[in-house]
Amino acid sequence: QWMNGGLVFRNSSFENISKKLERHFNIKIINTNKQLNNEVFNASFKEEPIDIILNDFKNSFDFKYKIEENTIYIN
């Protein structure tokens, strides 16, 4: 859901959030962390870069990720 040029998630699973982030940033997210996929988040972002967004989610649910070119690997 877009509001004022930002990205807003309300009770969204990380799986759904990943799909929206993929479209928004034109990247591929490969997530092997099944538990994280099912986690539900509330979050809103303006124009933050993807690493800032991922770090924000990391504060709520600890996981590891690495960014290689246009692909993000989460485990």
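Q: Which residue does the side chain of lysine 66 meet in a salt bridge, with N and O 3.5 Å apart?
A: This is a predicted model, in which local features need pLDDT of at least 70 and side-chain atom pairs count only at pLDDT 80 or more, while totals for chains, interfaces and linings use all residues. Residues are numbered from 1 along each chain as its sequence is written, and side-chain values use heavy atoms, with hydrogens and water left out. A salt bridge here is a side-chain nitrogen of Lys or Arg within 4 Å of a carboxyl oxygen of Asp or Glu. At 3.5 Å from N to O, the partner of lysine 66 is glutamate 68.

Q: What is the relative accessible area of glutamate 68?
A: Residues are classed as buried under 20% relative accessible area, exposed over 50% and partly exposed in between (1.4 Å probe, protein chains only). Lysine 66 is partly exposed at 47%. Glutamate 68 is also partly exposed, and its relative accessible area is 39%.

Q: Over the ring of which residue does the charged end of lysine 66 sit?
A: A charge counts as over a ring if NZ of Lys or CZ of Arg is within 6 Å of the ring centre and within 35 degrees of the ring normal. The charged end of lysine 66 lies 5.7 Å from the ring centre. The ring belongs to tyrosine 73.

Q: How many salt bridges does a search of the whole structure find?
A: Lysine 66 and glutamate 68 form one of them. Glutamate 22 and lysine 28 form another, with their closest N and O atoms 3.7 Å apart. For the whole structure the number found is two.

Q: Is glutamate 22 buried or exposed?
A: Glutamate 22 pairs with lysine 28 in a salt bridge. Lysine 28 is partly exposed, at 46% relative accessible area. Glutamate 22 has a relative accessible area of 18%, so it counts as buried.

Q: Which residue in strand 6 is the bridge partner of lysine 28?
A: Helices (H or I, at least four residues) and strands (E, at least two) are DSSP runs, numbered from the N terminus. Two strands pair if DSSP finds at least two bridges between them; strand 3 (residues 28–31) and strand 6 (residues 71–74) run parallel and are joined by four. Within strand 6, the bridge partner of lysine 28 is threonine 71.

Q: Which side chains of strand 3 point to one face and are buried?
A: Side chains alternate along this strand.

Q: What is the angle between the planes of phenylalanine 9 and phenylalanine 45?
A: Rings of Phe, Tyr and Trp (its six-membered ring) pair if their centres lie within 6.5 Å; planes under 30 degrees apart are stacked, over 60 edge-to-face, and the rest tilted. By this rule there are eight aromatic pairs. Phenylalanine 9 and phenylalanine 45 form an edge-to-face pair, 6.4 Å centre to centre, with an angle of 65°.

Q: How many residues apart in sequence are the parts that phenylalanine 9 and phenylalanine 45 tie together?
A: Both residues are buried. Phenylalanine 9 lies in strand 2 (residues 6–13) and phenylalanine 45 in strand 4 (residues 40–45), so the parts joined are apart in sequence by 36 residues.

Q: Where does phenylalanine 63 lie?
A: Phenylalanine 63 pairs with phenylalanine 14 in a tilted arrangement, 6.0 Å centre to centre and 55° between the planes. Phenylalanine 14 lies in helix 1 (residues 14–25), so the pair ties together parts 49 residues apart in sequence. Phenylalanine 14 is buried at 0% relative accessibility, and phenylalanine 63 is buried at 3%. The place of phenylalanine 63 is the loop between helix 3 (50–60) and strand 5 (65–68).

Q: Which residues form one aromatic cluster?
A: Phenylalanine 9 pairs with phenylalanine 45, and phenylalanine 14 with phenylalanine 63. The cluster consists of Phe9, Phe14, Phe41, Phe45, Phe57, Phe63 and Tyr65.

Q: Which residues does serine 12 touch, not counting those up to four places away in sequence?
A: Serine 12 is in strand 2 and is buried at 10% relative accessible area. Contact means heavy atoms within 4.5 Å. The residues touched by serine 12 are Ile17, Glu39, Val40 and Phe41.

Q: What is the phi of asparagine 26?
A: Asparagine 26 lies in the loop between helix 1 and strand 3 and is exposed at 65% relative accessible area. Although asparagine 26 is not a glycine, its phi is positive, at about 55°.
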